[in-house]
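Let's take a walk through this structure together, with an eye on its charged side chains. Have a look first, and then we will go from one group of residues to the next.

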Amino acid sequence: MQQSDSKQQDFTPEDVEIISKETLFSGFFKMVKYRFKHRRFEGGWSQPVDREMFERGHAAAILPYDPIRDEVVIIEQIRVGALEHTNPWQLEIVAGIIDTDESAEDVARRETLEEAGLEVGEVLPITSYYPSSGGCSEKLDVFVGCVDASKAGGVHGLDYEDEDIRVQVLSREQAYQYVKDGKFENGASIIALQWLELNHQELRSSWVAQLNEEE
């Protein structure tokens with residue numbers, strides 16, 4: 001068994017050499033094939049590595065949260081990735097792809113209006129992560145946003161994107177129980193609801209104080 005070096009090697013983009021990049025498919029999304037080499041942890045360079053990658057771009061997701069009522073707004077829609085699985089209709093938080101002229105927060109606000117029919121007040125970043133970096137370029141910025149959940153409900157979405165989105169309002173406790181029960185199968189939703197469970201007291205205190213000042 002090899003002993004690990006006490007000094008960790010921190011690699012940078014300069015430690016990767018992209019030999020070639022080939023577009024295999026180009027439609028709404030793209031599929032590309034990389035051939036690359038990279039420095040190895042134990043020294044030297046790897047052999048050329050071939051990997052296909054789904055090029056999806058950058059996206060944003062937001063958990064609409066009402067600090068007064070201690071409720072979250074959840075959306076439900078059919079998802080092609082789960083089409084042949086147990087739950088084709090997935091419970092999720094609001095999300096959308098970022099266009100070149102938009103910020104992640106802009107997208108979070110726009111998508112909340114399109115998918116849930118709600119205006120968002122204060123917005124707070126939770127995290128940014130790669131959902132599946134082994135084969136997909138997508139990076140997701142996750143937020144929590146202040147909303148009035150009493151105005152939530154109904155069916156929303158854009159007709160020209162074939163969206164059919166049902167809105168549900170859940171108590172924070174019920175939503176977190178759904179996480180524990182495995183009813184949420186979407187990574188961003190699980191992350192956001194777990195974050196809220198850990199931080200709701202501080203968040204409620206801050207946002208309720210702000211809302212009281214605005215009245």
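A salt bridge here is a side-chain nitrogen of Lys or Arg within 4 Å of a carboxyl oxygen of Asp or Glu. One of the links joins Glu173 to Arg172, with the closest N and O atoms 3.5 Å apart. Arg172 is buried, at a relative accessible area of 7%, whereas Glu173 is partly exposed at 47%. Buried stands for under 20% relative accessible area, exposed for over 50%, and partly exposed for what lies in between (1.4 Å probe, protein chains only).

Before going further, please keep in mind that this is a predicted model: local features need pLDDT of at least 70, side-chain atom pairs count only at pLDDT 80 or more, and totals for chains, interfaces and linings use all residues. Residues are numbered from 1 along each chain as its sequence is written, and side-chain values use heavy atoms, leaving out hydrogens and water.

The chain has 3 helices and 11 strands, in the order β-β-β-β-β-β-β-α-β-β-β-β-α-α from the N terminus. These elements are DSSP runs numbered from the N terminus: helices are H or I with at least four residues, strands E with at least two. Of the 215 residues in the chain, 36% are buried.

By the rule above, the count comes to 17 salt bridges. Among them is the pair of Arg39 and Asp15, whose closest N and O atoms are 2.9 Å apart. Arg39 sits in the loop between β2 (30-38) and β3 (49-55) and Asp15 in the segment before β1 (16-26), so the pair ties together parts that are 24 residues apart in sequence. Arg39 is partly exposed at 35%, while Asp15 is buried at 12%.

Another salt bridge brings together Arg35 and Asp50 (2.7 Å, N to O). Since Arg35 lies in strand β2 and Asp50 in strand β3, this pair ties together parts that are 15 residues apart in sequence.

Beyond its neighbours within four places in sequence, Asp66 is in contact (heavy atoms within 4.5 Å) with Glu71, Val147, Asp148, Ala149 and Ser150.
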